[in-house]
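Subject: A structure for you to look at

Hi,

Here is the structure I promised to pass on. Have a look at it first, and then read my notes below.

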Amino acid sequence: MEEKDAGYDGTGKQIMDEIGKDRPRIIIFDTTLRDGEQSPGVSLNVEEKLQIGHQLERMGVNVLEAGFPIASPGDFQGVKRLAGELRDLQVAALARASEKDIDTAWDAIKGGANPRIHTFLATSDIHLKYKLRKSREQVLEMAAAAVKYAAAYTSNVEFSAEDASRSDLDFLCRVFEAVVDAGATTLNFPDTVGYAIPWDFGRMIRYVMENTKNIHRAVLSVHCHNDLGLATANVLSAIENGARQVECTINGIGERAGNTAMEEVVMAIRTRNDCLPYRTDIVTTEITSASRLVATLTGMQVQPNKAIVGANAFAHESGIHQDGVLKERTTYEIMDPRDVGLSQGSLVLGKHSGRHALKARLEELGYTLSDKEIDSVFVRFKELADRKKEIFTEDLKVLVAGEILKIPERFSLKYLHVAGGSGIKPTATVAIEEGGEKRITCSLGAGPVDAAFQAVKKLVRTDSILLRYNVQSITGGTDALGKVTVRLRDGDVEVNGQGADPDIITASVKAYLNALNRLEYMKQ
Ligand code: KIV
Ligand code: ZN
C-alpha cells in the first residue's frame, strides 16, 4: 500500500499537477452502491449499504457514489447515512441536470466530509433526439446551468456527459468547457452503452484532453460498461491517454453487463506497473473481503472464472501447472494470491477444531469479523461439524454469509417435517414462532419444497411473490451443505434471502423465512 500524499484533499485537483511525474495517482470512484445497485435483481437496505460502505472506506476508495437520492426515500436515507458515517472518503450523490435533483442530492450529502454532487446529462445526438428532444444548444445551456447551480452548494462538482462515447467530440468538448467554466472540477466521459473499443476510446480521451481549453482545471474521469467485455481494457487505454479518475464497481456489477471491475483495474496497474506507471490508494489485500461481502449482500454470485476474485482465479487444475507452481509460484502465477487477501493455507476444519483455529482460518480467508460475530459463526460451525465430517473453505464462506445476512427475526423456524417420494402426494408440516407465539400448519404441494413454502405462506400470511429460487451444492459429496437463495417481491420492495443446511428442504425454508424477515425489516 502506498503512503497517502500529505495534503491530498481527495478532490482530485492535485492529481493533475502530478501528470508527467513518476506514477500519477488514479482516483478510484466506486459506484457499487449506485450503478452496481442498478443491476437487475439487486436491492440493498440501509444497513447493508453501510456494511459495504465501511469496507470500501477500509480498502482506500477515494470517492464513493452512495446512490441517487431523488430516486426513492430509501435511496435518500441510504446516501444520508453513508455521508454521515464515512469520513475518510468523499461521498458522491447522483442528480440529473435539474434543480430539484441537485437540491435533493445536496440535502442527502451535505453532512459528509467532502461531499460531491454528480450531475449528468446526455450529449449524444441519439439521446438528444429520442430521449431529451432537445437541441445541442439547449443541452449545452442546461448542463452549464445545472453545474452552476450545484457549484453554489460545493466546489466539488462532477459532470457526466451521458453516452459520451457516441457523442460528437467537438460538441462534447464545448459542453465540457462550459461546465468547467460553470464550476465543475471533475469531467466524466461515460461509455454508457459499452460500445467503445480500447484504442478508439483512448483516441477519444486524448482528443478531449487536447481540445477542451480549460481541461487543466478539472480531472478527466471514465466510466465504462462491459457490454462487449471491454470495460477494463477501455479504462486502461483511457488512463494511458490522460484520464485520472476511474469509475468502477466491486465484482464489476452494474447495469446490464455491468461496470468496470475495480479489482481488475487496480491489479492490472499493480501487476503491470512497468507499462502502466500509475498508482492507486487501494489496499489490495481487502479485495477478496470486499468481493465476498458484495456477492453475499447483493445475491449476485461471482462467476468462478472471473479475473482476480473468481473461485478459480488462483486455482491450478493441470498437473503441469501444479508442478510448476510447486517448484516456483511465478511459473504460472502473475499475482501473489496473498496480495488480494487470499490465503494459501489449506487447513480443513473438523468437529474437534476450536474457536482459535476457526478464527485463524477466517482471517486467512480475508474476513474481518468482530468477536461477537466469530462466536456466532463458531456455534453454527459446531452444529455443522456434528453433521458433516470435514468443513471446507466453501462451507465457512456460507457460514460467514449467514452471519453477514443476519437481521432481526420476526419469524423463526421451529419444526419442519416433509413427506415425499414416488407415488405419494408431497406434504409438509411447519411450525414457526412469531413474538413468542408458536403456530403450526401443514400443506400439500407439487414437491416437498413447494409444500413447505405453501405451509410457511399460510403461517406468515404473506402476499409476496417468489421471483427466484436457486439451490447450490457448496462442496462435493451427498453430505454437502446446500445453499438456497430466494428472491421475493412485495409491492415495489424486492429482497433476497439465503439459507444453508445439509438438508436442502430445511435450507429452502430457512432461505424463505430469511427473505420474509428481510421484507418485514424493509417495511419498518
Ligand atoms: O453509464 C452512465 O452513463 C452513467 C452515468 C450516470 C454516469 O451511469
Ligand atoms: Zn453507468
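His223 counts as buried, because its relative accessibility is 5% (buried means under 20% relative accessible area, exposed over 50%, and partly exposed in between, with a 1.4 Å probe and protein chains only). Before you go further, please note that this is a predicted model, in which local features need pLDDT of at least 70, side-chain atom pairs count only at pLDDT 80 or more, and totals for chains, interfaces and linings use all residues. Residues are numbered from 1 along each chain as its sequence is written, chains are lettered from A and ligands numbered from 1 in the order in which they are written, and side-chain values use heavy atoms, with hydrogens and water left out.

Asp35 sits in the loop between strand S1 (27-30) and helix H2 (46-58), while His223 belongs to strand S7 (residues 219-224), so the pair ties together parts that are 188 residues apart in sequence. Helices (H or I, at least four residues) and strands (E, at least two) are DSSP runs, numbered from the N terminus. Asp35 is buried too, because its relative accessibility is 2%.

Ligand 1

His223 also belongs to the surroundings of ligand 1, along with Arg34, Asp35, His118, Phe120, Ser160, Glu162, Asn188, Pro190, Thr192 and His225; a residue is near a molecule or strand if one of its heavy atoms lies within 4 Å of it. This shell divides into two nonpolar, six polar and three charged residues. For that count, Ala, Val, Leu, Ile, Met, Phe, Trp, Tyr, Cys and Pro are nonpolar, Asp, Glu, Lys and Arg are charged, and the others, Gly among them, are polar.

Look for an oxygen atom of ligand 1 that is 3.1 Å from a side-chain N or O atom of His223. For His225, the corresponding distance to an oxygen atom of ligand 1 is 3.0 Å, and a polar side-chain atom of Arg34 lies 3.0 Å from an oxygen atom of the ligand.

Strand S7

How many residues of S7 are buried? Six of its six residues are, so the strand is mostly covered. Val219, Ser221 and His223 point one way, and Leu220, Val222 and Cys224 the other way. S7 pairs with S6 in the parallel sense over six bridges; two strands pair if DSSP finds at least two bridges between them. Leu187 stands opposite Leu220 of S7.

Elsewhere in the chain

Glu263 is part of helix H10 (residues 262-271). Is Glu263 buried or exposed? At 2% relative accessibility, Glu263 is buried. Its side chain makes a polar contact with the side chain of Lys306 (3.0 Å) (a pair of N or O atoms within 3.5 Å; within protein, one must be able to donate a hydrogen and the other to accept it, and residues adjacent in sequence count only if both atoms are side-chain atoms). The Glu263 side chain also reaches the backbone nitrogen of Asn251 at 3.2 Å.

Finally, find Arg133 in the loop between helix H5 (125-132) and helix H6 (136-151). Its phi is near 50 degrees, a positive value in a residue other than glycine, and at 68% relative accessibility Arg133 is exposed.

Enjoy exploring!
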